Every structure is written in C-alpha cells, then in structure tokens.
Amino acid sequence: HFDNGTGLPSQVFHTPKSPVSIALWNDPNAAGLPERLVVACRDTYAIVILDRATGEVLQLLELRDSTGRILGEPGDLLVDQTTNRAFVSCQASDAVAEIDLTAPGVVRVFKIPSKNPLFMSFDANKDVLVAPLLSGNNSGPRGTPNDPINIMHQGPTVVDFAAAGLNGTKLKDEDLFRLVRATGAVQPLTTGAGTIQFACGVNPVTGQLWQLNTDANNKNPAKQTEASIQGDIVQNRLSISALPPVGGAKVAPTTIVDLDLTGGILDTTKTVGQPYALEFDPATGFAVVSGLLTDNVVLLDPAGTKVDEFDLAPGAIPRGLIYSQPFNLLFVYCWGTNTIEAHIVTLGWPNAFTFQLGLDPTPPKVKAGRRIAYSASHSQKNNASCLSCHVEGRTDMIAWNLGTSTDDKGPMV
C-alpha cells in the first residue's frame with residue numbers, strides 16, 4: 001500500500017514466495033471490513049487470501065486437482081465478485097483452476113489443449129477467456145529423408161501446414177479458448193492469431209476480441225536460411241477478431257495490426273517489442289499496450305490504429321497496466337526498475353509520480369543479464385531480442401531453418 005501524498009509504502013504485507021498476480025475480493029461472510037486481497041504465488045503453487053486492512057493471512061490454499069496433483073506455475077488471476085469464484089492459470093499443468101473463495105478449495109480444473117496458458121480475461125457473460133502462451137503457428141520441421149512429410153514437401157526445411165498439410169491434415173493452431181462455466185466446456189475461439197500469445201480482452205465498445213501476440217517468420221519462404229533472416233524474426237502484432245458465440249466455430253482475425261509500424265511506416269523509435277500488457281478505457285474503447293522489450297506504451301483507437309506513444313524510464317520492462325478513470329491516470333508496473341510509474345492521460349503523458357517498490361533482492365548479475373535479454377535495442381528494427389523466441393527463458397517450440405548451402409543444419413528449435 002502506498003501513501004498518495006509521499007509516494008512511499010505505507011504498509012507492506014508478506015506473502016508466500018513469488019507473488020505474481022493480485023485481485024480484490026469482498027468476502028460476503030466477513031463481519032465488519034470485508035475487503036480481501038487474493039494473491040497467486042508462482043513458486044509456492046498456491047493462492048493466499050489476506051485481510052486488506054491488516055495484511056493478516058486468512059487462508060492459504062495449495063493448488064491441487066482432484067487426485068492431489070499440484071497445479072504448477074500459477075500465473076494470471078481473475079475474481080468474479082458475484083459468484084465468489086477465482087480463476088488461476090497454471091502454466092506448467094496446462095490448466096486453469098476454478099476456486100470457491102468462500103470455502104477455499106479448487107472446485108474444478110479446466111484442461112487447456114495447448115501449452116502454457118497464461119493471460120485471462122472475462123467476456124460479457126463472465127466466461128473466462130484464456131490465451132496459451134505457446135500456441136504455435138501451424139508449422140513444423142521437415143523430417144528425415146524417409147519421413148512422409150519430407151517426401152511430399154521436397155525443399156523447405158520448415159513446412160507450413162496452413163498451406164499444405166500432410167494428407168490434407170493441418171495442426172489445430174488454436175490461439176484462444178473460452179471456459180464455458182455453465183457446462184465446463186473448453187471452446188477454441190481463434191486460429192491464425194499469432195505464435196506467442198500475450199494479453200487478451202474484449203473491447204468494451206466494439207465487442208471485438210483483441211489479442212496481443214508475436215508471430216514468427218520461420219515459415220516465410222523468403223526467410224529460409226540464416227542469411228535471409230538477417231534478424232527479422234518476428235512481427236509484433238494485435239489480432240482483432242469477432243467473438244464467436246458459445247458453441248460457435250473458431251475464427252481467424254479480421255484485422256491484424258503491425259505494432260511496429262506508425263502510419264504504415266517503420267519508426268524504430270516507436271516499435272513495440274513483445275506487446276505484453278493491455279488495458280481498455282471502458283468509456284471510449286481506446287486501449288493502451290506496453291512492450292516488454294522497448295520500454296514504452298502506445299495508445300490505440302477502437303480500430304487498433306496507433307495514435308500516440310510515450311517512453312518509460314530506460315530499462316523499465318513494463319509488465320502491467322491499470323487505467324484509473326477517476327484520477328485520469330495510467331499506472332505502469334515496471335519490473336526492470338522495480339517501480340510503478342503514474343502518467344497523466346493527456347498530451348505528452350507526463351509522469352505525475354513514481355512509486356518505488358522497495359528492496360529488490362534480484363542478484364546484480366541477474367539484473368545485468370535481464371537488461372540485455374529484455375532490450376530490443378540490439379536488433380535491426382528495435383523490435384526483438386533473445387526473448388522473442390525464448391519467451392520467459394523457455395523455447396517457443398518453433399522450428400527454424402538456419403542452414404546455408406554449405407552448412408545444412410536441418411530444422412532447429
């Protein structure tokens with residue numbers, strides 16, 4: 001908790017290891033002050049419920065399925081105040097846990113048929129939309145000489161299954177799912193929306209579905225071999241789709257916005273490397289997007305057109321955005337500088353104040369490496385870094401042809 005007058009912490013609450021997401025909840029069974037903080041803790045595989053006024057730990061719940069198996073790597077957290085239910089994405093288990101907060105316990109586990117579900121949001125009916133971090137792009141490596149794929153597709157090391165599947169088959173390439181709470185169904189909503197999926201949400205004015213993503217250039221015929229790639233590895237994008245009804249078929253994006261372009265032209269000072277966080281103005285449908293690799297925030301109109309941009313402190317690595325309508329402030333959580341920057345929503349986006357988040361226990365050598373890994377400044381277009389493929393230090397599982405005519409490396413992941 002921060003003092004609005006001084007910008008300094010007024011209260012500090014302790015949680016289990018690695019708190020990554022937080023939400024407010026009003027406990028209907030509480031006497032007196034019902035406000036609670038619900039916190040998802042990544043390395044503890046748990047959520048904790050705190051008294052918002054005192055920080056007292058009221059409940060600690062390990063995330064386990066009905067067999068007792070741990071639901072690993074909690075990530076995003078949503079709370080539905082009406083039903084007193086929380087939803088936690090669990091990346092390592094490819095699942096989302098539904099939790100009854102009034103009698104804390106996991107009541108249902110939605111298995112996601114993709115890899116590393118992370119970002120979530122509600123639709124208008126309070127069904128949960130969940131984006132798998134690693135959804136792929138309908139491509140795969142050409143196999144050995146006797147492999148059927150190799151026999152059918154002579155030439156390209158990386159096969160585009162969207163254009164030419166094996167015996168007419170294609171990969172599913174599902175980029176967003178709806179968790180239908182009434183039935184427990186997991187409904188695929190979009191396809192072709194990108195390779196790595198970040199924040200998603202329904203635009204409150206247009207009703208369209210927005211998905212931030214990067215799309216790998218690995219299957220581009222003009223980007224085969226290291227010499228032809230020349231560092232042009234990804235596109236940083238916003239994919240806009242019509243939101244299918246419950247039970248409807250999945251859809252492809254109707255609009256894809258290249259977030260590295262401004263007015264249709266590449267401006268390396270205004271690129272958005274790895275678009276990560278998304279926040280809507282509920283009254284106008286305008287949105288702000290922050291890029292992890294470029295330490296900036298862009299303003300988009302309801303059609304997704306870039307209309308403004310401002311920079312954060314160097315090395316900010318912005319991971320979270322909250323817009324406060326009453327104060328006309330945009331709060332930006334800057335992981336790299338361990339701060340929260342508050343910017344006035346007006347021309348120039350002046351910095352009203354900055355909250356210092358206190359001691360950062362990260363070792364100096366890790367901080368130094370993080371500054372390099374999360375900086376697009378070393379790339380040709382100021383839009384990519386090592387983490388464009390190795391998101392969160394993992395692999396995106398995408399195959400690349402990095403060979404040459406004299407050094408055929410074969411497909412590399």
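Guide: What follows is a short talk about a predicted model, taking the core, the ring pairs and a pocket in turn.

Visitor: Which residues touch the most other members of the largest nonpolar core?

Guide: Of its 28 residues, those are Phe198, Trp210, Leu212, Leu238 and Leu278. Strands that give two or more residues to this core include strand 15 (196-202), strand 16 (209-216) and strand 21 (275-280).

Visitor: And what does Phe198 touch?

Guide: Leaving aside residues up to four places away in sequence, its contacts include Phe119, Leu133, Leu212, Tyr276 and Val391. Phe198 is buried, with a relative accessible area of 1%.

Visitor: Switching to rings, how many aromatic pairs are there?

Guide: The structure holds 8. In one of them, Phe87 and Phe122 have ring centres 6.3 Å apart and planes at 85°, so the pair is edge-to-face. Because Phe87 lies in strand 6 and Phe122 in strand 9, this pair ties together parts that are 35 residues apart in sequence.

Visitor: Why is the Phe198 and Tyr276 pair called tilted?

Guide: Their planes stand at 45°, which makes the pair tilted, and the ring centres are 5.6 Å apart.

Visitor: What lines the second largest pocket?

Guide: That pocket, with a volume of about 470 Å³, is lined by 23 residues, of which Ile233, Ser385, Cys386, Cys389 and His390 lie nearest its centre. By class, the lining has 12 nonpolar, 9 polar and 2 charged residues.

Terms used
Residues are numbered from 1 along each chain as its sequence is written. This is a predicted model: local features need pLDDT of at least 70, side-chain atom pairs count only at pLDDT 80 or more; totals for chains, interfaces and linings use all residues. Side-chain values use heavy atoms; hydrogens and water are left out. On a 1 Å grid over the protein atoms alone, a cavity is a set of points where a 1.4 Å probe fits but cannot get out, and a pocket is an open set with protein on both sides within 12 Å along at least five of seven lines; lining residues have an atom within 4 Å of a point. Grid points are joined across faces, edges and corners, and a volume is the space filled by probe spheres set on the points. Ala, Val, Leu, Ile, Met, Phe, Trp, Tyr, Cys and Pro count as nonpolar, Asp, Glu, Lys and Arg as charged, and the others, Gly among them, as polar. A nonpolar core is a set of buried Ala, Val, Leu, Ile, Met, Phe, Trp, Tyr and Cys residues joined through side-chain atoms within 4.5 Å. Buried means under 20% relative accessible area, exposed over 50%, partly exposed in between (1.4 Å probe, protein chains only). Helices (H or I, at least four residues) and strands (E, at least two) are DSSP runs, numbered from the N terminus. Contact means heavy atoms within 4.5 Å. Rings of Phe, Tyr and Trp (its six-membered ring) pair if their centres lie within 6.5 Å; planes under 30 degrees apart count as stacked, over 60 as edge-to-face and the rest as tilted.
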